[in-house]
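Subject: A structure for you, with notes on its salt bridges

Hello,

Here is the structure I promised to pass on. Please open it first, and then read my notes below.

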Amino acid sequence: LAAIKLVPVYMEYAQIESTLEKVRDEFEGERPSVEQLRYAIERHFDINSVRTLSARDIKISRVEGGFEMRATYDGRTSYIGNLFLVAEFDTAVEVLR
């Protein structure tokens with residue numbers, strides 16, 4: 001039962017990770033602004049129906065040679081009664097200029 005309940009949580013994580021990789025591929029070698037990155041993330045989240053996070057929840061920080069986009073969050077799903085299953089996720093992608 002627990003594995004079945006966690007499938008949607010991991011599927012959404014895969015969508016979030018895929019979004020960050022697609023945005024990286026879209027802007028690799030360019031000089032995007034933080035706003036351009038956020039808009040691209042938001043667009044992909046809308047297309048993929050990601051509801052756990054918004055584009056504002058993705059931390060975008062400057063690193064040497066570009067930006068790092070990081071998604072850190074807890075995926076939760078109800079299990080039995082007031083018990084929940086929680087999965088911690090942390091994924092990061094660098095967009096190099």
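A word on terms before the findings: a residue is called buried when its relative accessible area is under 20%, exposed when over 50%, and partly exposed in between (1.4 Å probe, protein chains only). Please keep in mind that this is a predicted model, where local features need pLDDT of at least 70, side-chain atom pairs count only at pLDDT 80 or more, and totals for chains, interfaces and linings use all residues. Residues are numbered from 1 along each chain as its sequence is written, and side-chain values use heavy atoms, with hydrogens and water left out.

I looked at charge pairs. Side chains of opposite charge can pair when their charged atoms come close. Counting a salt bridge as a side-chain nitrogen of Lys or Arg within 4 Å of a carboxyl oxygen of Asp or Glu, the model has four.

One of them links Arg24 to Asp25, with 3.2 Å between the closest N and O atoms. Arg24 is partly exposed, at 24% relative accessibility.

Arg70 takes part in two that are worth a look. With Glu68, its closest N and O atoms are 3.4 Å apart; Glu68 is buried, at 17%, while Arg70 is partly exposed, at 27%. With Asp90, the closest N and O atoms of Arg70 are 2.6 Å apart. Arg70 sits in strand S2 (residues 66–80) and Asp90 in strand S3 (residues 83–96), so this pair ties together parts 20 residues apart in sequence. (Strands are DSSP runs of E, at least two residues, numbered from the N terminus.) Asp90 is partly exposed, at 46%. Through shared partners, salt bridges join Glu68, Arg70 and Asp90 into one network.

Best wishes

Technical notes: Helix = DSSP H or I, 4+ residues; strand = E, 2+ residues; numbered from the N terminus.
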